[in-house]
Amino acid sequence: MHLALVIDIDGTVDQAGLGRLRAHLNLIKDGRLTDDWDQAFGYRKIERSAGKYLMIDLFREFDESWTLSVSGTEKRDPNDPELTSLRAELVDGITAAGYQATVRAKPTYGPRPPG
């Protein structure tokens, strides 16, 4: 899988907020907020063509921050129209759920890099 997009979610995510994020981002429920070890809290698979797809995942990082990542079966140009549209949809969904979205200039795994 190739990491295509990472969005940091700013704000305190409680159970109600998690429900709003899942609903506004059309994510399938995963994980339990009360389980300290759970990191994955929702996902959505977007089928593209013959075995090619994008995967959207909502994570709680070990430092208690939250991220939304998009990875795909093939490497994608960040300016690809499909990714640009998906980025806007996800940022709008995070905002509608009551949180601040910050798109990382370069997708990286884990919590937000310092700086």
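Helix H1 lies across strands E1, E2, E3, E4 and E5 in this model, which is predicted. Its direction is at about 5° to E3. Helix H2 also lies across strands: E1, E3, E4, E5 and E6. Here the angle to E1 is about 20°.

Now take the sheet itself. It is open and has 6 strands. Their order is E2-E3-E4-E5-E1-E6, and the pairing is antiparallel. Strand E2 (28–29) and E6 stand at the edges. Each has a single partner strand, so one side of each is left without a neighbour in the sheet. Inside that order, E4 and E5 run antiparallel and are joined by 7 bridges. Leu54 stands opposite Gly72 in E5.

Which residues of H2 are buried? They are Leu83, Leu86, Leu90, Gly93 and Ile94. These residues cover an arc of only 95° around the axis, which puts them on the same side of H2. The face turned away from that buried side carries Pro81 and Asp92, both exposed.

The buried residues of H2 have several packing partners. Four are the strands E1 (2–10), E3 (40–49), E4 (52–60) and E5 (66–72). Strand E6 (100–103) and helix H1 (15–25) are also packed against.

The ends of H2 deserve a look. Asp80 caps the N-terminal end. One of its side-chain oxygens lies 2.8 Å from the backbone nitrogen of Glu82. Just after the helix comes Gly98, with a positive phi of about 100°.

Finally, follow the chain past E6. Thr108 sits in the segment after that strand. Is Thr108 exposed, partly exposed or buried? Its relative accessibility is 27%, so Thr108 counts as partly exposed. The class applies because 27% falls between the cut-offs of 20% for buried and 50% for exposed. Leaving aside residues up to four places away in sequence, Thr108 touches Leu3, Val6 and Pro113. Between Thr108 and Ala97 there is a separation of 11 residues in sequence. In space their C-alpha atoms are 24 Å apart.

Notes
Residues numbered from 1 in each chain as written. Predicted model: local features only at pLDDT ≥ 70, side-chain atom pairs only at ≥ 80, totals over all residues. Heavy atoms only, no water. Buried < 20%, exposed > 50% of the residue type's maximum accessible area, 1.4 Å probe, protein only. Helix = DSSP H or I, 4+ residues; strand = E, 2+ residues; numbered from the N terminus. Arc of directions from axis to C-beta. Contact = heavy atoms within 4.5 Å. Polar contact = N/O pair within 3.5 Å; in protein donor to acceptor, adjacent residues only side chain to side chain. Pairing = 2+ DSSP bridges. Axes fitted to C-alpha atoms, helices over the stretch in contact; angles between N-to-C directions.
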